[in-house]
Amino acid sequence: LYLNWMKSNISEDYVVATCTREVMMDLGDNAEPCYVELSMYDYIVWVHWYAAADFNSELINDYNHISSGLPTWHRHFMLQWERALQEISGDYDYAIPYYKWTGEDNCSICTDDMFGGSDVN
């Protein structure tokens, strides 16, 4: 229900630029702004895409998937998503389910090097 609302209603808080700052400057003072209004869902999708986008082939910019930034970046990203759903629903106790790996015996990535150990102590 909340997700459908999030997809179909334009956000009052966010827009996304559709051209670069240089292009905006060249358009002059009387030009229409280069932006698009979007739903909160579209904004969340755009943030995820932008953080993973490869804008320079010599520089890998996908730090939210292929580096140690994965757990912290996605935790923040999911927190944004959860807060948006709380705001839309008016239910500030709403929470996105998550996988609790503490105490998990068969978790190959639950190491201190990756996501933190699975030992509950």
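What follows is a chat about a predicted model of one protein.

Me: How many helices and strands are there in the protein?
Reply: Four helices and two strands, and the model is a predicted one.

Me: What pattern does the protein follow along the sequence?
Reply: Read along the sequence, the pattern is α-β-α-β-α-α.

Me: And how much of the protein is buried?
Reply: Buried residues make up 21% of the 121 residues.

Me: What share of the contacts join residues at least 24 apart?
Reply: 42%, taken among contacts between residues at least 6 apart in sequence.

Me: On to the core. Which residues touch the most other members of the largest nonpolar core?
Reply: Met6, Met40, Tyr43, Ile44 and Trp81, out of 14 residues in that core. Helix 3 (40-52) and helix 4 (69-89) each supply at least two residues of this core.

Me: Why would nonpolar side chains be buried together?
Reply: As a general matter, nonpolar side chains in soluble globular proteins tend to be buried together.

Me: What is Met40 in contact with, leaving aside its neighbours within four places in sequence?
Reply: Met6, Asn9, Ser11, Tyr14 and Ala84. Met40 also turns up in the lining of the second largest pocket, among the residues that lie nearest its centre.

Me: Which others lie nearest the centre of that pocket?
Reply: Ser11, Asp13, Glu87 and Ile88 are listed along with Met40, and 13 residues line the pocket. Strand 1 (10-17) and helix 4 each supply at least two residues of the lining.

Me: What volume does the second largest pocket have, and how do its lining residues divide?
Reply: The volume is about 320 Å³. The lining divides into six nonpolar, three polar and four charged residues.

Me: Back to strand 2. Is Ser39 buried or exposed?
Reply: Ser39 has 1% relative accessibility, so Ser39 counts as buried. Its place is in strand 2, which covers residues 35-39.

Me: What is Ser39 in contact with, leaving aside neighbours within four places?
Reply: Met6, Lys7, Asn9, Ile10 and Ser11.

Me: Where is Leu38, and is Leu38 buried or exposed?
Reply: Leu38 is in strand 2 as well. Its relative accessibility is 6%, so Leu38 counts as buried.

Me: Aromatics next. How many aromatic pairs does the structure hold?
Reply: Three. One of them is formed by Tyr41 and Trp81, an edge-to-face pair at 5.8 Å centre to centre with 65° between the planes.

Me: Which parts does that pair tie together?
Reply: Tyr41 lies in helix 3 and Trp81 in helix 4, so the pair ties together parts that are 40 residues apart in sequence.

Me: How exposed are Tyr41 and Trp81?
Reply: Tyr41 has a relative accessible area of 25%, so Tyr41 is partly exposed. Trp81 is buried, because its relative accessible area is 15% and the cut-off for buried is under 20%.

Me: What about Trp73 and Phe77?
Reply: Trp73 and Phe77 form a stacked pair, 5.0 Å centre to centre with 15° between the planes. Both lie in helix 4, four residues apart, about one turn of the helix. Trp73 and Phe77 are both buried.

Me: What does Glu82 touch, not counting residues up to four places away?
Reply: Tyr94, Ala95 and Ile96. Glu82 and Pro97 are 15 residues apart in sequence, and their C-alpha atoms are 9.8 Å apart in space.

Me: Last one: Leu1. Where is its place, and is Leu1 buried or exposed?
Reply: Leu1 is in the segment before helix 1 (2-8). Its relative accessibility is 84%, so Leu1 counts as exposed.

Me: How far apart are Leu1 and Ser89 in space?
Reply: 9.1 Å, C-alpha to C-alpha, although Leu1 and Ser89 are 88 residues apart in sequence.

Technical notes. Residues are numbered from 1 along each chain as its sequence is written. This is a predicted model: local features need pLDDT of at least 70, side-chain atom pairs count only at pLDDT 80 or more; totals for chains, interfaces and linings use all residues. Side-chain values use heavy atoms; hydrogens and water are left out. A nonpolar core is a set of buried Ala, Val, Leu, Ile, Met, Phe, Trp, Tyr and Cys residues joined through side-chain atoms within 4.5 Å. Buried means under 20% relative accessible area, exposed over 50%, partly exposed in between (1.4 Å probe, protein chains only). Contact means heavy atoms within 4.5 Å. On a 1 Å grid over the protein atoms alone, a cavity is a set of points where a 1.4 Å probe fits but cannot get out, and a pocket is an open set with protein on both sides within 12 Å along at least five of seven lines; lining residues have an atom within 4 Å of a point. Grid points are joined across faces, edges and corners, and a volume is the space filled by probe spheres set on the points. Ala, Val, Leu, Ile, Met, Phe, Trp, Tyr, Cys and Pro count as nonpolar, Asp, Glu, Lys and Arg as charged, and the others, Gly among them, as polar. Rings of Phe, Tyr and Trp (its six-membered ring) pair if their centres lie within 6.5 Å; planes under 30 degrees apart count as stacked, over 60 as edge-to-face and the rest as tilted.
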